[in-house]
Amino acid sequence: MSSASTTTTSSTRVRDLLPLDWEEVAAIYAEGISTGVASFETEPPSWEAWDAAHTEIRVVAELDGCIAGWCALSPTSERHCYRGVAEESVYVAGWAQGRGVGRALLEEIVQRSENAGIWTLQAGIFPENKPSLRLHLGCGFRLVGVRERLGESDGAWRDVLLLERRSEAIG
């Protein structure tokens with residue numbers, strides 16, 4: 001984890017995601033789910049389920065005093081050899097998109113992940129989610145491949161682009 005628990009970039013303040021933030025975080029997650037291009041999920045989980053599935057590397061961005069987005073890491077495996085590999089998720093509220101929130105979140109997560117010894121971040125993105133793809137590519141991720149027909153959503157099989165970011169400082 002970074003030595004500071006908050007980072008401010010222009011008008012965006014990035015800080016630790018706290019349990020008290022869950023209602024706003026879940027609403028942003030639900031908004032992303034409703035677009036049909038952000039997740040296979042159909043609704044946000046409970047705080048307890050979400051908390052158990054994610055590492056302690058999790059942040060929110062505040063814009064004008066409101067939570068505008070969140071980013072968190074999930075472990076990819078319990079095997080020791082993969083201890084430095086994590087999956088990243090980032091969601092930005094519709095009202096805050098295009099204002100640098102996603103970049104601030106992702107840059108903070110990259111820094112915190114490297115401070116924690118994580119050498120590879122991966123992300124799965126639907127090909128239709130062009131803003132997320134641009135964000136990740138702009139933050140040092142690269143396209144590794146296409147996972148064809150990876151999962152079913154609303155009766156249709158969906159491809160997922162697999163992206164990864166390798167640390168230049170670790171590994």
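Where is the place of Asp154? Select this residue in the predicted model, and you will find Asp154 in the loop between strand E7 (142-153) and strand E8 (156-166). Phi of Asp154 is near 50°, a positive value in a residue other than glycine, and with a relative accessible area of 82% Asp154 is exposed.

Select Asp64 next, which sits in the loop between strand E3 (58-63) and strand E4 (66-75). Asp64 is not a glycine, yet its phi is positive, at about 55°, and its relative accessibility of 61% means that Asp64 counts as exposed.

**The whole protein**

Now zoom out and colour the model by secondary structure, which shows four helices and eight strands, running β-β-α-α-β-β-β-α-β-α-β-β from the N terminus on. Taken along the principal axes, the box filled by the C-alpha atoms is roughly 40 × 35 × 30 Å. The radius of gyration is 15 Å, which agrees with the value near 16 Å that a compact globule of 171 residues would have. If you colour by accessibility instead, buried residues make up 44% of the 171 residues. Among contacts between residues at least 6 apart in sequence, 62% join residues at least 24 apart.

**The aromatic rings**

Show the side chains of Trp22, Tyr29, Trp47, Trp50, Trp70 and Tyr91, which ring pairs link into a cluster. In the protein the count of aromatic pairs comes to eight. One to look at is Tyr29 with Tyr91, whose ring centres are 4.9 Å apart and whose planes stand at 65°, so this pair is edge-to-face, the angle being over 60 degrees. The pair links distant parts of the chain, since Tyr29 belongs to helix H1 (residues 22-34) and Tyr91 to strand E5 (residues 85-92), 62 residues apart. Tyr29 is buried, with a relative accessible area of 10%, and Tyr91 is buried with a relative accessible area of 10%.

Then move to another ring, that of Phe126, and show Arg158 with it: Arg158 lies over the face of Phe126, at 3.8 Å from the ring centre.

**A glutamate in helix H3**

Select Glu114, which is found in helix H3 (residues 101-115). Is Glu114 buried or exposed? Its relative accessibility is 17%, and because this is under 20%, Glu114 counts as buried. Follow its side chain to that of Arg165, with which it makes a polar contact of 3.2 Å.

**The cysteines**

Finally, look at the sulfur atoms. A disulfide is a covalent bond between the sulfur atoms of two cysteines. How many disulfides does a search of the whole structure find? The search finds zero. Select Cys66, which is in no disulfide and whose nearest cysteine sulfur, that of Cys71, is 20 Å away; at 38% relative accessibility, Cys66 counts as partly exposed. Go on to Cys71, which is also in no disulfide, the nearest cysteine sulfur being that of Cys139, 9.4 Å away. Cys71 is buried, with a relative accessible area of 0%.

Note on methods:
Residues are numbered from 1 along each chain as its sequence is written. This is a predicted model: local features need pLDDT of at least 70, side-chain atom pairs count only at pLDDT 80 or more; totals for chains, interfaces and linings use all residues. Side-chain values use heavy atoms; hydrogens and water are left out. Helices (H or I, at least four residues) and strands (E, at least two) are DSSP runs, numbered from the N terminus. Buried means under 20% relative accessible area, exposed over 50%, partly exposed in between (1.4 Å probe, protein chains only). A polar contact is a pair of N or O atoms within 3.5 Å; within protein, one must be able to donate a hydrogen and the other to accept it, and residues adjacent in sequence count only if both atoms are side-chain atoms. A disulfide is a pair of cysteine sulfur atoms within 2.5 Å. Rings of Phe, Tyr and Trp (its six-membered ring) pair if their centres lie within 6.5 Å; planes under 30 degrees apart count as stacked, over 60 as edge-to-face and the rest as tilted. A charge sits over a ring if NZ of Lys or CZ of Arg is within 6 Å of the ring centre and within 35 degrees of the ring normal. The radius of gyration is taken over C-alpha atoms; the globule rule is 2.2 Å times the number of residues to the power 0.38. Contact means heavy atoms within 4.5 Å.
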